[in-house]
Amino acid sequence: MEQKPSLVGGACIIAGVCVGAGMLGLPSAGAGAWSLWSMLAVALTMVVMTVSGWMLLESYKGYPLRVSFDTVTRDLLGNKVNALNNLSVYFVGGILLYAYITSAGLIIDGMTGMGSHWASVLFTLVFSVLVWHSTRAVDRISVLLVILMGLSFAFGISGLSMNIRLDLLLDRVGSETHYAPYALMMLPVALTSFGYHHSVSSMRAYYGEERRASRAILGGTVIALTFYLIWLVSVFGNLPRSEFGPVIEQGGNVDALLKALGSVIESKAVANALNAFSMAAILSSFIGVGLGVFDYLADLFKFDNSRGGRAKSWGVTFLPPLVLSLLFPFGFLVAIGYAGAVATLWTCIIPPLLAWKVRKAAPDGSAGFRAPGGILMIGLVILFGVLTAAFHLLNMAGLLPVYTG
C-alpha cells in the first residue's frame, strides 16, 4: 500500500514558495509603515490569500488531477479571460524566478567572488533539476530547506532578538507620526509574499484530493506568516528606520539589506546565519515557484510527463528568466512590486470568479470541497485584489507617500 504524502511536506512546499519573496522584500517595503502597520498588512493579506487559494482549489474539483489554471479558466470563464490570466500567471512566475536567480547570483558572488552572472547560471542549472525530476524531490528538499531556514533563522534571530531596542521598534527615535499611509504601497509586496496560487494544482495532484491539499495550504501560509512577523520585529528592532535609505536606493536588493543588517550586528556568526537563511529562503522559493510554473506550462502546452516532455517544460520555465537575469538585472523590490500588482488578477480576482461559477452550477454545495464564506467573501477577496493593484498604480504615478529614508 502506497504511503500518503504528509501534510508537513506539502505545507513546507507552500511555505517555501512564500517565504523567499516575503522575507527578503517585506522589511524594505515596510520601512515606511514600520512595525505595527506592516504586521497588520501582512496578517490581513495572509487571511485573504489563504481563502482565495481555497476558492481556486474548489474550482478544480471535478477535473483531472493534472489540470491547472489554463483548462479550468478556459472552461468556466472563456478564452479571452483565460488568455489574460495565462499572461499574468506566466509574467508573475517568470519575474519571481528572475528575481530569485538575480538575488542568488549576487549573494553567491559575494560569498565566492565567482561573478554574479556565472553564479546565476550555476544556481539555475543545479537546482532546477529538482523540479524537472519530480514533485516528490521538491517535497524532500523543501522539508530540508525549511529545517535549514528554521535553524539559521533561529540562530540569526536569537542574535538579533537579544539586541532588540524598543525605541527602534516603535520608532521613538524618529519624528514620524503618520505610518498608516505607507502601508498602502506595501500591500503588493505583501500579496506577493503569499503568492503560492500557481502551486495549488500541484498540491491537489500531489494529495489526490482537495481537503488534504487545503490543510497543506493553510499550514504553509501559517508557517510563512509566523516567519514574517518574527522577522519584521527582529529587523525593525535592530536597524533604525533611517538606515533603510541606502537599501531602498539600491532597489531593496537582498545583498544591500544583509549589508545594512551586518553593520549593526557585532557577531560574525549571526551575520553568517542570516546569509545562510537568505540563501535557503531564495532556494526554497525558487524551486517552489518553479514547480508551480513548470506544472502550469506543462498543462498549457500539453507537454506529457515523460522525460522528454518534462525537459520541454523545464526549458520554457527556467531559461527565459535566466536569460533576462543575465541581460537586465535590476532592483529586487521593484520586481516583487510589479509581480504583486499583476498577481492580483490570478490570486484575488480569477479564483473568486471561478468559485462563483462552480457554485452557480451546484448551488447546494454538496459535492466535495467548498471554501468558507458566501457571495460576501467572494466580493471581499475581489475588492482586496482591485485595491492592491490600484495602490501599486497610484504609487507608480507618485500619488502615494513614498518612504526614502
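Reader: Is C12 buried or exposed?

Author: C12 counts as buried, at 6% relative accessibility. Buried means under 20% relative accessible area, exposed over 50%, and partly exposed in between (1.4 Å probe, protein chains only). This is a predicted model, in which local features need pLDDT of at least 70 and side-chain atom pairs count only at pLDDT 80 or more, while totals for chains, interfaces and linings use all residues. Residues are numbered from 1 along each chain as its sequence is written, and side-chain values use heavy atoms, leaving out hydrogens and water.

Reader: Changing topic, where does helix 8 bend?

Author: Helix 8 (residues 180–192) bends at M186 by about 45 degrees, and P188 follows within four residues. The bend is the angle between axes fitted to the seven residues ending at a residue and the seven starting there. Helices (H or I, at least four residues) are DSSP runs numbered from the N terminus. Both M186 and P188 are buried.

Reader: And L380, where is its place?

Author: L380 lies in helix 16 and is partly exposed, with a relative accessible area of 45%.

How values were computed: Helix = DSSP H or I, 4+ residues; strand = E, 2+ residues; numbered from the N terminus.
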